[in-house]
Amino acid sequence: MTTLLCDHADEAVAGIEDGSTVLVGGFGMAGMPVDLIDALIRQGAKDLTVVSNNAGNGDTGLAALLAKGRVRKVICSFPRQADSWVFDDLYRTGRIELEVVPQGNLAERMRAAGAGIGAFFCPTGVGTLLTEGKETREIDGRTYVLEYPIKGDVALIGAHRADRMGNLVYRKTARNFGPVMATAATTVIAQVREIVETGAIDPETVVTPGIYVDRVVKEADRA
Amino acid sequence: MTTTRVMNEQGPLNKQDMAALVARDIPQGAFVNLGIGQPTLVADHLPADSGVVLHTENGMLNMGPAAKEGEVDPDLTNAGKIPVTEPAGASYFHHADSFAMMRGGHLDICVMGAFQVSATGDLANWHTGAPDAIPAVGGAMDLAIGAKKVFVMMTLFTKTGAPKLVPECTYPLTGLRCVDRIYTDLAVFDITPQGLRVTQTFGTTLDELAGRLDVPLLAAEA
């Protein structure tokens, strides 16, 4: 399916269903698709499982979605931060579920989902709380843990530039989870700073090919 | 190799001294990941001609120093979300590639802080296990098993005087038998197949340390 260019973030997030698993890009604010998260808040889907590196910062973006009570469960590597008060309060009062996943497993489990890999053996976390009860295997004298893919119904990602075919380029460390999440969800929605004519991005520099991208919206100008 | 500064080796080392000591032991041209917090100080002590390439797990190699006023770019941060800079020779990659670099054994050294390290090199640095603590692991477990050498930087005792170098970790583990060397304010320890070897002391002696720690210690090789 060709990529749909949306005029507004509300159009881009239309149809996200209650109970969806939503992959949310960004590492801190770098690459965070703030317009799409705000649109998802307006859209109203609830009972969501959010997969993201962190569990919201301050009171905006992901933290605002959490504060509205729309998220049932967070799967992330690093929820606790100096400014994660919204999540901290929900967690301490038992109003949100948390699955802590080592950061490399978070990325690789989504990569596996996007690449059609059924599961993989990984040495991270052997002998720790985070792999308790998981299947292990000795391979060439080293112990590995069986890890399963994380697939999203929806991915919300931030990129720098898109062309009209949905090819994406990122900027600096804001790339982070975007390219991986773009492969791992049924519907991939990208917020970008600019949309250029097809052909204006050098094909050698495309990071996420348009095949992965379902909807693109240009982010709102910020004062 | 260049020594960046002369430290006071007569007494306990402060954080900067420890960072200088770690920097001195990083070989020319090594690929290195410095953990969030105290290990980031190591970067300030690497000589300009060290050729050391810093990796940050959010997706960059040859990371530059923290951005000064006027250089801040919200798209360019380190793993601690501090704005950094882009020297010539830098590269960017996505998270799965960044962790493949770590887990695939491509980094020479990582330097991390710790709550506890066991005599056999088990590492505990992600979670206190306290009932009200919110667990957060980030990339610690991936680094612990992935880097060719794992260096720990920590004070040898807690503020209440409990040793952090212990027979068995009581805090939840980050990785098993993964630590190679421990830099502390009072001594440097190598974890070797023969046991825990004290290679340097600062304002204390092997005998004094042996009296304060509940782990067997070997003397430095002559």
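What share of the 222 residues of chain B count as buried? In this predicted model, the figure is 45%.

**Figure 1. Overall build of chain B.** Chain B holds 4 helices and 13 strands. Its radius of gyration is 17 Å, close to the 17 Å that the globule rule gives for 222 residues, so chain B is as compact as a globular protein of that length. Taken along the principal axes, the C-alpha atoms of chain B fill a box of roughly 50 × 45 × 30 Å. If contacts in chain B are counted between residues at least 6 apart in sequence, 58% of them join residues at least 24 apart.

**Figure 2. The open sheet of chain B.** This sheet has 10 strands, and the pairing is mixed. In chain B, the strand order is β4-β3-β2-β1-β5-β8-β10-β11-β12-β13. At the edges stand β4 (91-92) and β13 (217-218) of chain B; each has a single partner strand, so one side of each is left without a neighbour in the sheet. Strands of a sheet pair through backbone hydrogen bonds, in either a parallel or an antiparallel manner. A parallel case is the pair formed by β1 (residues 31-34) and β5 (residues 109-112) of chain B, joined by 3 bridges. Within this pair, B:Asn33 stands opposite B:Cys110 of β5(B).

**Figure 3. The contact between chain A and chain B.** Chain A gives 36 residues to the contact and chain B gives 32. On the side of chain B that touches chain A, α2 (95-103) and α3 (140-146) of chain B each supply at least two residues. The largest share of that side, 5 residues, comes from α2(B). By type, the residues on this side of chain B are 16 nonpolar, 8 polar and 8 charged.

**Figure 4. Overall build of chain A.** Chain A has 6 helices and 12 strands. Its radius of gyration, 18 Å, is close to the 17 Å given by the globule rule for 223 residues, so chain A is as compact as a globular protein of that length. The C-alpha trace of chain A spans about 50 × 45 × 30 Å along its principal axes. Of its 223 residues, 53% count as buried. Among contacts in chain A between residues at least 6 apart in sequence, those joining residues at least 24 apart make up 76%.

Figure 5. β7(A) and β8 (residues 142-147) of chain A run antiparallel and are joined by 4 bridges. A:Glu138 has A:Thr143, in β8(A), as its bridge partner.

Figure 6. After α2(A) comes A:Gly44, with a positive phi near 100 degrees. A:Gly44 is found in the loop between α2 (34-43) and β3 (48-51) of chain A. Is A:Gly44 buried or exposed? A:Gly44 is exposed, with 10 other C-beta atoms within 10 Å. The C-alpha atoms of A:Gly44 and A:Asp18 are separated by 8.4 Å, and the two residues are 26 residues apart along the chain.

**Figure 7. The buried face of helix α4 of chain A.** In α4 (residues 85-92) of chain A, the residues A:Val86, A:Phe87, A:Leu90 and A:Tyr91 are buried. Seen down the axis of α4(A), the buried residues fall within an arc of 125 degrees, so they line one face of the helix. These residues pack against α3 (62-67), β4 (71-76) and β5 (97-100) of chain A. Just after α4(A), A:Gly94 takes a positive phi of about 70 degrees.

Methods. Residues are numbered from 1 along each chain as its sequence is written. Chains are lettered from A and ligands numbered from 1 in the order in which they are written. This is a predicted model: local features need pLDDT of at least 70, side-chain atom pairs count only at pLDDT 80 or more; totals for chains, interfaces and linings use all residues. A residue is buried if 20 or more other C-beta atoms lie within 10 Å of its own, exposed if 12 or fewer, and partly exposed in between; C-beta atoms are placed from the backbone. The arc is that of the directions from the helix axis to the C-beta atoms. Two residues are in contact if their C-beta atoms, placed from the backbone, lie within 7 Å. Ala, Val, Leu, Ile, Met, Phe, Trp, Tyr, Cys and Pro count as nonpolar, Asp, Glu, Lys and Arg as charged, and the others, Gly among them, as polar. Two strands pair if DSSP finds at least two bridges between them. The radius of gyration is taken over C-alpha atoms; the globule rule is 2.2 Å times the number of residues to the power 0.38.
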